[in-house]
Amino acid sequence: MNLLEKKVEAVMRLCVSDNEKDRDRIREEIRQYLIHFDPGKMDPEQEIRRILLELGAPDHLVGHPYVVQAVMMCLENRMYIDNITFGLYPQLAAKFDTTASRVERAMRHLIEVTWTRGD
């Protein structure tokens, strides 16, 4: 399993975990992956962008910064994973001065393009 697969697998485990102790351990594991075990080396946001590009998500699409911020927010607070429609999308919309439906559509479009054209 390469590093990218490990990162994606850790995020998926975080999404489905119900045990707070496990989630804390997984969050720390993800942080370690994001900073490559060197806190001064790279900003986690930059690493998320790099992972998305490695997956084939084009950075010129409007949904790209939304997805980056969504991942950051979900890493900070699991509540957003459990409350995407009424928690995550409105928060992102407020942050980017747009509507929740536009955020959702842009993110879905990015996922679709990545799935069909990505590696």
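# Guided tour: an all-helix chain

By the ring-centre rule, the count of aromatic pairs comes to one. Rings of Phe, Tyr and Trp (its six-membered ring) pair if their centres lie within 6.5 Å; planes under 30 degrees apart are stacked, over 60 edge-to-face, and the rest tilted.

**Stop 1: the aromatic pair.** Select Y66 and F96. Their ring centres lie 4.8 Å apart and their planes stand at 65 degrees, so the pair is edge-to-face. Y66 sits in helix 4 and F96 in helix 6, 30 residues apart, so this pair links distant parts of the chain. Y66 is buried, at 8% relative accessible area. F96 is partly exposed, at 30%. Buried means under 20% relative accessible area, exposed over 50%, and partly exposed in between (1.4 Å probe, protein chains only).

Before moving on, note that this is a predicted model: local features need pLDDT of at least 70, side-chain atom pairs count only at pLDDT 80 or more, and totals for chains, interfaces and linings use all residues. Residues are numbered from 1 along each chain as its sequence is written, and side-chain values use heavy atoms, with hydrogens and water left out.

**Stop 2: the whole chain.** Zoom out and colour by secondary structure. The chain has seven helices and zero strands. Helices (H or I, at least four residues) and strands (E, at least two) are DSSP runs, numbered from the N terminus. Of the 119 residues, 37% count as buried.

**Stop 3: helix 6.** Select residues 84–96. The buried residues here include G87, L88, Y89, L92 and A93. What covers them? Show helix 4 (63–76), helix 5 (79–82) and helix 7, which are among the cover. Then step just past the end of helix 6 to D97, which takes a positive phi of about 55 degrees.

**Stop 4: salt bridges.** A search of the whole structure finds five. A salt bridge is a side-chain nitrogen of Lys or Arg within 4 Å of a carboxyl oxygen of Asp or Glu.

- Select E45 and R49. Their closest N and O atoms are 3.0 Å apart. The two are four residues apart in helix 3 (residues 44–55), about one helical turn. R49 is partly exposed, at 25%.
- Stay in the viewer and select E47, R50 and E54. These three are linked in a network of salt bridges.
- Select R78 and D82. The N to O distance is 2.7 Å. R78 is buried, at 9%, whereas D82 is exposed, at 56%.
- Select E104 and R108 in helix 7 (residues 100–117). Their salt bridge spans 3.7 Å, N to O. The two residues are four apart, or about one helical turn. E104 is partly exposed at 30%, and R108 is partly exposed at 43%.

Stop 5: Which helix holds E5? Select E5 and you land in helix 1 (residues 3–16). E5 is partly exposed, at 43% relative accessibility. E5 and L55 are 50 residues apart in sequence and 10.0 Å apart in space, C-alpha to C-alpha.

Methods. Contact = heavy atoms within 4.5 Å.
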